[in-house]
Every structure is written in C-alpha cells, then in structure tokens.
Amino acid sequence: MAAPRFRYFVAAARELHIGRAAEALGIAQPALTQQIQALERETGVRLFRRAGRGIALTDAGAAFLPEAVAALEQEERAVRIARRAARGELGVLNIGYVSTAMLEPALPSLLHLCRRLVPEAQLHLEEALVEAQIAALEQRRLDVAVLRDATAALPPELRPIPLTRSALLAAVPLSLAARLPRPVPLAELAEEGFIALRDPHGIGLAHRVWTLCTQAGFAPRIGLRVDSVTSVIGLVAAGLGVSLVPAGLARLDMPGVELLPLAEEAWSELALVHRPADASPLKLRLLGLVAGEGRAPRYTTPDQGSGT
C-alpha cells in the first residue's frame, strides 16, 4: 500500500470532490480516480460513495481517514529525522577519554559546544586506558578517543586530530622539592624513580615522559606503573617516586606534592583519534567543531594553570 495513495485519499477526503482534490494535488482527475480505486482494491473496502455532485466517505473511509493522516505524519517525521541525522543533528556518539583529559579546558569546552549546537544528540562518555580505547576504536565500539601524545604508534587505520597542548610539570614529594632549583632541569631527576601511567609502547603520556627524559640525557627508571593520574599523584605524595604531569593538575589540592615548572620546554598534546573510514555525520560534526574554530592546538603554560 503505497504512501502516495494515502496522500491522494486524504486530499479527496478533505475536499469531498475529485476535481478539486486533483487540482490541489496538481494531477489530472482521471489519475486521482485511478489511485483511489487502486487503494480500494488493496484495502478490499469502498472508501467513498457518490453524494450529489461530489463524494462522501463511507463508514470504512471515515474510519480509515485518521489512520491515513497519522501514517502520512509518521512518514514526514521519519523523513525529517533521517535528514537531521544526515546533518549530524541526531544519533549517538561514543567518546572515550584518558583520565587526564577532563583536567584540560579544551575537552569540556568542546563537549559543551556540541551539546549546545546539537542538543538532541546522545553523547556516551567513557574513561578508559589508551590501549582499551584503541581496541574499542578498531572494533567500532568507540567513535572518537581522546588520547595523549597519539603519534606514529597508532594503527594505520586511525587518525589523530590535535585538540590542545599543555605544559608538563614535575610532580615531586615536598621533601625533594625543597632541594630542587626553580625551574627544574629534568636531569635533576635522573636518580629518582619515576611513576608512569600504564600506556602501550610508543603512545600516551608515559611515552612522552620517556622521550623528554632521554632528550635530557638519561633513561628514566620506571619504578611503578598505574592506571590513573590520581594514583600517580598519590604515590608521589607517599614518597615512592616522581613524575611529569599535565599543568591542569595544578588546579587540584594535592597535599604532600609540589608541581614545579621544568627548565626544558615540555608539553603533552591531547588529540581526538578516529577512524576516517567511519563517516558518521554526528562524528564528522564533532570533528568539524574543532576544525571550524580554526584554532591551533592550544598551549597551557605552568603560569596559566588550566587556562588557555
């Protein structure tokens, strides 16, 4: 039962005159008559009867009319929804992020902008380790992953889009902080044990810390690996080692730990990682918000704390 026939039927039912209904529809009168007759054959009932110079609804036609109107309205709603989804205004977006990402203003700001511009989209957020996010992207359980220092170690089917840069600070116990110069040359930490995040080889904050230390002339001794930056800070406060952490952590009250600026230019980059082969309109809308602002990766300095 074709939807256009519902439209012909409703027009005829409202005009109760085949000629006027055909004119309103922009078709010839015989064509409208044929469509109504075809609809009656499909339903197996008479929908109209002659009434003077016009037509009238039969009891079956009167019962059919509200259902036909509802079907047409549902069809129009389905088309509107499909078009809005194609414009990236509807749908579900699954976003993963590393634990430190919410300490930077860039990601919350991006999510706020997305919520304001596409309020009916559903954003599903999940904090996860780097390795778990990469696996979820490959398995299409995530649409976007927010990772730190996502560079050449990414699988070839994934692509990073820079979001923001932040300075790295030396997180050291108070007892050690008192003996260190300001700013701290990384080489001053060469004899200390480092606490690192459990990131896969070649990617993430742990890789960035390793790279910076080797550039400073030493290989860091990784004493402990943990899953979250809060664990890193807690272990530093306990005197079990030192670490390098994003400047956004300066916002937090962390007894027993001092965050010191480094003498070297040391930064970490957050990126949105996605599969270009997955062209979800809603995902492309999110990525377009980053590109559309025309901003270079922002850089948070120790003096700025978490500001941009």
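This is a predicted model: local features need pLDDT of at least 70, side-chain atom pairs count only at pLDDT 80 or more; totals for chains, interfaces and linings use all residues.
Side chains of opposite charge can pair when their charged atoms come close. In this model, counting every side-chain nitrogen of Lys or Arg within 4 Å of a carboxyl oxygen of Asp or Glu, the total comes to 10 salt bridges.

One of these pairs is formed by Arg-5 and Glu-42, whose closest N and O atoms are 2.1 Å apart. Because Arg-5 belongs to helix α1 (residues 3-15) and Glu-42 to helix α3 (residues 29-43), the pair ties together parts that are 37 residues apart in sequence. Glu-42 is partly exposed, its relative accessible area being 39%.

A salt bridge also joins the side chains of Arg-148 and Glu-104, with a distance of 3.0 Å from N to O. Here Arg-148 sits in strand β5 (residues 144-148), while Glu-104 sits in the loop between β3 (92-97) and α5 (106-117), so the bridge ties together parts that are 44 residues apart in sequence. Arg-148 is buried, with a relative accessible area of 2%, and Glu-104 also counts as buried, at 1% relative accessibility.

Arg-165 and Glu-269 make a further salt bridge, in which the closest N and O atoms lie 3.4 Å apart. This pair links distant parts of the chain, since Arg-165 is in strand β6 (residues 159-173) and Glu-269 is in strand β11 (residues 267-274), 104 residues apart. Arg-165 is partly exposed, with a relative accessible area of 28%, whereas Glu-269, at 15% relative accessibility, counts as buried because the limit for that class is under 20%.

Finally, Arg-140, Arg-275 and Asp-278 are linked in a network of salt bridges.

Notes
Residues are numbered from 1 along each chain as its sequence is written. Side-chain values use heavy atoms; hydrogens and water are left out. Helices (H or I, at least four residues) and strands (E, at least two) are DSSP runs, numbered from the N terminus. Buried means under 20% relative accessible area, exposed over 50%, partly exposed in between (1.4 Å probe, protein chains only).
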